[in-house]
Amino acid sequence: MAASAAQAERQKIPNPKLRNPSTKIWVYLVLLTLQYGAQPLLSKRFIRREVIVTSSVLACEVAKVICALILLAREGSLKRLCKEWTLLGSLTASGLPAAIYALQNSLLQISYKNLDSLTFSILNQTKLFFTALFTFFILGQKQSVRQTGALVLLIIAAVLLSVGEGSSKGSGGSTSDQVLFHGIVPVLVASVLSGLASSLCQWAVQVKKHTSYLMTVEMSIVGSLCLLASTFKSPDGEAIRKYGFFHGWTPYTMVPVISNAIGGILVGLVTAHAGGVRKGFVIVSALLVTALLQFVFDGKPPSPYCLVALPLVISSISIYQKYPYTSKKKD
């Protein structure tokens, strides 16, 4: 009787592994979709052109560290990770990706200011192609025939946007050369770097078994140190010494900075708990969110180039996520 009663009680108690994680995953997915979609618009609206790029990137990295440490302390693993942490292990797992991401973030900040929000978001999706390329060389992950076709669609969309936007005017009265060299080129280079860093992070998670929060802390610290070192010779460093770290900042500048930091945390959570398939749906949904927000707040309908490229990008990412490579087993 006692055993039956205990079994009945266990059946009444919901399994947290079945319910709570599912709810959390959907919360992460919705939040990341909104963050991805709104980030270009927030950066254009609240980060003035006078703001020094390095200062906003450093502020974002500091915000990431604070958020990740708070979350680690909340889940009770901070003390254990501090005892197990080693400098060599941290540099091996996070050092190179962190330096790459630091450069990528600087390029993205430049691109934000010279492209409209939707064009930026679509060009930024070319990182999927470079991620696939680098995961093949670094991790040996192959692509299916349909995935290869999806990547071709993605490149066609990127080329279409590059030619179209490069021959027209950018947002804010930018010239065609400024749009090309300070908008399109930086975001494409950032996509290459993103693919490389993402593959290295995947390798680190598989080999080093790092948690997403710990990776965020380590990469943000190493990336910040790389940026600080670059200020000794870079134009941004001279500008900081001349005008001050917070030159051009307003209280609203913290909005995109904090949003970007939260996005970095959410990317790790979605990848860890939801996997790449659902993250692909997040990317597609974010493009639609960007187009909607740009039309609502800026009153600017998508350009003809965006209207042609947007369905190509959506189709490409959807096909890529839906038809993964499966190895053929020999009898």
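Predicted model: local features only at pLDDT ≥ 70, side-chain atom pairs only at ≥ 80, totals over all residues.
Residues are numbered from 1 along each chain as its sequence is written, and side-chain values use heavy atoms, with hydrogens and water left out.

**The overall picture**

As you look at the model, you will find 14 helices and zero strands. Helices here are DSSP runs of H or I with at least four residues, strands are runs of E with at least two, and numbering starts from the N terminus. Read from that end, the order of elements is α-α-α-α-α-α-α-α-α-α-α-α-α-α.

The protein has 331 residues, and 46% of them count as buried. Buried means under 20% relative accessible area, exposed means over 50%, and partly exposed lies in between, using a 1.4 Å probe and protein chains only. The accessible surface comes to about 17700 Å², and carbon and sulfur atoms hold 68% of that area. Such areas come from the Shrake-Rupley method with a 1.4 Å probe; for residues, only the protein chains shown count as cover.

Among contacts (heavy atoms within 4.5 Å) with a separation of 6 or more, 89% join residues 24 or more positions apart.

**The salt bridges**

Side chains of opposite charge can pair when their charged atoms come close. A salt bridge is counted when a side-chain nitrogen of Lys or Arg is within 4 Å of a carboxyl oxygen of Asp or Glu. By this rule the protein has three salt bridges, listed here.

| Glu50 | Arg48 | 2.7 Å |

Let us take them in turn. In the pair of Glu50 and Arg48, Glu50 is partly exposed at a relative accessible area of 37%, and Arg48 is also partly exposed, at 41%.

Next come Glu61 and Lys64, which both sit in helix α3 (residues 53-75), three residues apart, or about one turn of the helix. Are these two residues buried or exposed? Both Glu61 and Lys64 are buried.

Finally, Glu84 and Arg80 share helix α4 (residues 78-84), where four residues, about one turn of the helix, separate them. Glu84 counts as exposed because its relative accessibility is 51%, whereas Arg80, at 43%, counts as partly exposed.
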